[in-house]
Amino acid sequence: MTTTNHLPQGGHYATWRQIGDWRLTAGIVPRDAARNLLGTTIEEQTAAVFDRLRAILAESGAALQDVVKIQVYLADLEEMGRFNAEYAKQMGDLKPVRTTLGCQLNGVKVEIDAVAYTGSEPVRGPLA
């Protein structure tokens, strides 16, 4: 599943997977198809990851508003405040459950993976 919207499969994993009404993405980093880094600041890299996330979700038949869980990996937890500001800008009123971890990321500042639900059952839970 190679497209111009996101990285072609480079390792032994899928970019996304569908199970019934559920879509799961692999970790998404701020790199283009040529593996060039997209942005230098946490804000620029986060925006680039969200651009790729939207493209991957669209390819899978889902959209950002279908995301119910996000996992965030930050290379520097000191940048959490700046990341959160860009995250809020990208997500708008959407508030999926989220886990944030600090870890080594091999040259990028942020990586995100997501779980989306496209079924007809309503998603329940508090909004904040």
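**Close-up views of a predicted model**

**Figure 1. Helix α1 against the sheet.** Helix α1, made up of residues 42–60, lies across β1, β2 (22–25), β3 and β5, and runs at about 30° to β5. The model shown here and in the following views is a predicted one. The strands belong to an open sheet of 5 strands, in which the order is β1-β2-β5-β3-β4 and the pairing is mixed. Because β1 (16–19) and β4 (97–102) each have a single partner strand and stand at the edges, one side of each is left without a neighbour in the sheet. From one strand to the next, the twist averages 15°.

**Figure 2. The pairing of β3 with β5.** Strands of a sheet pair through backbone hydrogen bonds, and they may do so either parallel or antiparallel. Strand β3 (residues 67–74) and strand β5 (residues 110–117) run antiparallel and are joined by 7 bridges. Tyr73 has Glu111 of β5 as its bridge partner.

**Figure 3. The largest nonpolar core.** In soluble globular proteins, nonpolar side chains tend to be buried together. The largest nonpolar core in this model holds 21 residues, and of these Ile70, Phe83, Val110 and Ile112 touch the most other members. Two or more residues of this core come from each of the elements α1, β3, α2 and β5, and α1 gives the most, with 6 residues. The surroundings of Ile112 can be followed residue by residue: leaving aside neighbours within four places in sequence, Ile112 is in contact with Ala26, Gly27, Ile28, Val49, Phe50, Ile70, Gln71, Val72 and Phe83. Among these contacts of Ile112, Ile70 and Phe83 are also listed with the core members that touch the most others.

**Figure 4. Gln90 in helix α2.** Gln90 is placed in helix α2, which spans residues 80–91. With a relative accessibility of 15%, Gln90 falls under the 20% limit and therefore counts as buried. When residues up to four places away in sequence are not counted, Gln90 touches Ala47, Phe50, Arg54 and Leu64.

**Figure 5. A network of salt bridges.** Side chains of opposite charge can pair when their charged atoms come close. The whole structure contains 4 salt bridges, and Glu43, Glu79, Arg82 and Lys109 are linked in a network of such pairs. Glu43 and Arg82 form a salt bridge in which the closest N and O atoms are 2.9 Å apart; this pair links distant parts of the chain, since Glu43 is in helix α1 and Arg82 is in helix α2, 39 residues apart. Both partners count as partly exposed, Glu43 with a relative accessible area of 25% and Arg82 at 38%.

**Figure 6. Glu79 and its two salt-bridge partners.** The side chain of Glu79 meets that of Arg82 in a salt bridge with an N to O distance of 3.5 Å, and meets that of Lys109 in another at 3.4 Å. Glu79 counts as buried, at 10% relative accessibility, whereas Lys109 counts as partly exposed, at 25%.

Notes. Residues are numbered from 1 along each chain as its sequence is written. This is a predicted model: local features need pLDDT of at least 70, side-chain atom pairs count only at pLDDT 80 or more; totals for chains, interfaces and linings use all residues. Side-chain values use heavy atoms; hydrogens and water are left out. Two strands pair if DSSP finds at least two bridges between them. Helices (H or I, at least four residues) and strands (E, at least two) are DSSP runs, numbered from the N terminus. Axes are lines fitted to C-alpha atoms, for helices over the stretch in contact, and angles run from 0 to 180 degrees between N-to-C directions. Contact means heavy atoms within 4.5 Å. Buried means under 20% relative accessible area, exposed over 50%, partly exposed in between (1.4 Å probe, protein chains only). A nonpolar core is a set of buried Ala, Val, Leu, Ile, Met, Phe, Trp, Tyr and Cys residues joined through side-chain atoms within 4.5 Å.
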